[in-house]
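Here are my notes on the charged side chains in this one. Have the model open while you read.

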Amino acid sequence: MKTFLAIDIGGTFIKYGLVNEHAVILESGREAAPKKLSALLDLIDDLAQKYPQSDGIAVSSPGAVGDDGIIYGSSALPYLHGPNIKELLEEKIKKPIFLENDANCAAYAEIWKGAAQGKKDIMVIVIGTGIGGSIMKEGKLHKGSQLHGGEFGYMLLDSSKNGRNDTWSRRASTAALIRSVAEVKKAAPDSLTGEQIFTMAEAGDQDCIQALEEFYHLLALGIYNLQYVYDPEIILIGGGISAREELITMIDDKLNDILTGIPDARIKPRIAACHFRQNANLVGAVYGFMVENIR
C-alpha cells in the first residue's frame, strides 16, 4: 500500500501526516511555522527522514500556486513567495513533490472521499481570517488565467454601513465578525475570539447575537451570488467555523430569506460542511499527488 507524507503549511503551524492511498491518516502532528525559508525546508526534510517509507511529499500551501512550482500572491509567510519551492524541495529531499494551494487541496479531499464524492461541479468556500475557496469543473481544478479562480473573498459587497464597497472577506470572515463586535463594545479586536463571540451569543449577549445574524446573512448573500454565477451541484464550507453544528442551518435560513425576497429566484444553493474539516488540506494534497503522478 502506498503512503505519502502530507504537509499543510499554515501561518502559525505546519501540520503533517502520513496518509495512505485510501485517505487514512496513519500518523499526524504539527510544528510551529518557521520564520525563514531555510528552516522550513529543513523541517520538511526532517519529516521526510522520519517517514522514509513514503512514496512522495504532498504539500498544501497558502498563495496562488503555479504549475512551475512558484507560489504567487501573498500570505502570512512572505518567504514562500518568489523562490521555486517545489524545485528547492525536490533538490533537498530527492523525492517527488506535489505542491498546491490549500483551498484547492480541500476541494480535492472532498471530491475524493468527502462530502462531494461522486460529484463533478463543486465549489468549496474556506472561511477563516479571510475567505478563500476553490472551483472544480468536471472533476478538475479550475485555477483561472491568473491563478485566482476560487478567490471568492475578493467579491465586492455593497455596504450601507460605511458608504463604500467592501470585499466579502472584509465583511463576512471570522476576522470581520470579531471586528464588528469589537467596534460595538469599544474593545480591541485582539481581545476577542470568534469562539468567545459564539459563546456570548449563546449566553444572550445581544451585540453578539446581532453580529452573528449579520454574519450569516452576508455569508448567504455571497453563496447566493456564487450559485447563480456557476450553478454547482453543491457548495461546501470549510475552515474552523465549519465545525459548528448550527452553521449550515443558519446560512440555509438566510438563503431562504433571500430567495423569498426575489420572486424570480428558483434555484436554492445546496450547502454542506466539508467532511474532512481540519484534515482536508492533508488528505487533499495526497489526492492531488496521486492525480498528478499516478495515472
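1. Glu202 is exposed at 59% relative accessible area (exposed is over 50%, buried under 20%, partly exposed in between; 1.4 Å probe, protein chains only). Glu202 pairs with Arg244 in a salt bridge at 2.8 Å, N to O (a side-chain nitrogen of Lys or Arg within 4 Å of a carboxyl oxygen of Asp or Glu). The two are 42 residues apart, with Glu202 in helix H6 and Arg244 in the loop between strand E13 and helix H8 (DSSP runs: helices are H or I with at least four residues, strands E with at least two, numbered from the N terminus). Arg244, at 16%, counts as buried.

2. Before going on, the ground rules: this is a predicted model, where local features need pLDDT of at least 70 and side-chain atom pairs 80 or more, while totals for chains, interfaces and linings use all residues. Numbering starts from 1 along each chain as its sequence is written, and side-chain values use heavy atoms, leaving out hydrogens and water.

3. Back to that pair: Glu202 and Arg244 also belong to a salt-bridge network with Glu195 and Glu246. The structure holds 14 salt bridges.

4. Which residue does Lys254 meet in a salt bridge? That's Glu213, at 2.5 Å, N to O. This one ties helix H8 to helix H7, across 41 residues. Lys254 is buried at 14%, and Glu213 is partly exposed at 29%.

5. Take a look at Glu100 and Lys143 too, whose closest N and O atoms sit 2.8 Å apart in a salt bridge. Glu100 is buried at 4%, and Lys143, at 17%, counts as buried.
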